[in-house]
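Dear colleague,

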Amino acid sequence: MSVESDSLDHFRRWFDAYTSRFFGDDECINAHLRMKQEHTERTCAQIRGLAGHLALDERQQQIAELVALFHDIGRFPQYAQYRTFNDGKSLDHSHLGVEILRQKGVLNVLPRDQRQWVETAVEHHGRKVLPAHLNGQGLLFAQLIRDADKLDIYRVVIQLYRRYRADPEHFPWKLELPDEPHYSPAVFEAVARGQLIDHTMMQTLNDMILCKLSWVYDMNFAAALARLRAEGFLEQLLSFLPATPAIERLGAQVLAYVETRVHQGVG
Ligand SMILES: [Fe+2]
């Protein structure tokens, strides 16, 4: 049995039913959960776009979308129980997601290899780096979801940051990091060296923005970088940082890197 489009509908209905049970009287909780539902929907759209660019076959496209649909399923019980999306302060939402899928048996209608690809991609979507042992289709879907997820997180972060800046007093979300005018030199240096930022290094909101810039180095597919460029996400993030010559140089470096990768194509 393969993933037919009608069974994708079945999985979508399952997702809606499963996630809706976490909504209740608390509007703050509901808003956080709704944000994750919307993020899921948009990540599905991003992964469909990437899968189309990569000319994946129909079965692969459907599995890719299934991965996107379930990648953050663990976020719902995580938030309901811990009131945070911070894995460090609660639990590993990627791993929890796989546990839920297994407990509920939701993927049991799939052949074993396809089920494993979905589980592998969900399990690794939020890791800092992918383990070297991943290969074949498991690796492909893990790479796809990581890029699609990041593309939508850029949108979410920019939207939230704008809203915060427009009216910090009435911003309804809790800031994970203090809003201070500086950034950490170690974070800046890491981005300048093309390295990924460890979450423990981040001390200010500016560090978080710098961290998002460094994600370009972790993008797997040129098609994802082309999308990033078309949306202008990097320019928007850069506009949130202090307008110093150092930031300007860093921005130019990051944009040039994206330009080169898009030009080289490959994926
Ligand atoms: Fe996630």
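How far apart do the C-alpha centres of domain 1 and domain 2 lie? They lie 25 Å apart, where domain 1 covers 5-146 and domain 2 covers 175-264, with bounds that come from an automatic or database domain assignment. Please keep in mind that this is a predicted model, in which local features need pLDDT of at least 70 and side-chain atom pairs count only at pLDDT 80 or more, while totals for chains, interfaces and linings use all residues. Residues are numbered from 1 along each chain as its sequence is written.

On confidence, the protein averages a pLDDT (the predictor's confidence in each residue, from 0 to 100) of 93, and 97% of the residues score at least 70. Helix α1 (residues 5-20) has the lowest confidence, at a mean of 90, whereas helix α5 (residues 93-104) has the highest, at 98; helices here are DSSP runs (H or I, at least four residues), numbered from the N terminus.

Turning to how parts of the chain meet, I count two residues as in contact if their C-beta atoms, placed from the backbone, lie within 7 Å. Helix α7 (136-166) and helix α11 (residues 233-240) pack at an angle of about 35° with their axes 10 Å apart, the axes being lines fitted to C-alpha atoms over the stretch in contact, and the angles running from 0 to 180 degrees between N-to-C directions. From α7, Tyr 154, Ile 158 and Tyr 161 meet Phe 233, Gln 236, Leu 237 and Phe 240 of α11. Sorted by class, this contact holds six nonpolar residues, one polar residue and no charged residues, where Ala, Val, Leu, Ile, Met, Phe, Trp, Tyr, Cys and Pro count as nonpolar, Asp, Glu, Lys and Arg as charged, and the others, Gly among them, as polar.

Two further places may be of use to you. In helix α4 (residues 75-82), Arg 75, Phe 76, Pro 77 and Gln 78 are buried, that is, each has 20 or more other C-beta atoms within 10 Å of its own, against 12 or fewer for an exposed residue and a count in between for a partly exposed one, with C-beta atoms placed from the backbone. Just after α4, Arg 83 takes a positive phi of about 60°. Leu 255, which sits in helix α12 (residues 245-264), is partly exposed because 16 other C-beta atoms lie within 10 Å.

With best wishes

Conventions:
Helix = DSSP H or I, 4+ residues; strand = E, 2+ residues; numbered from the N terminus.
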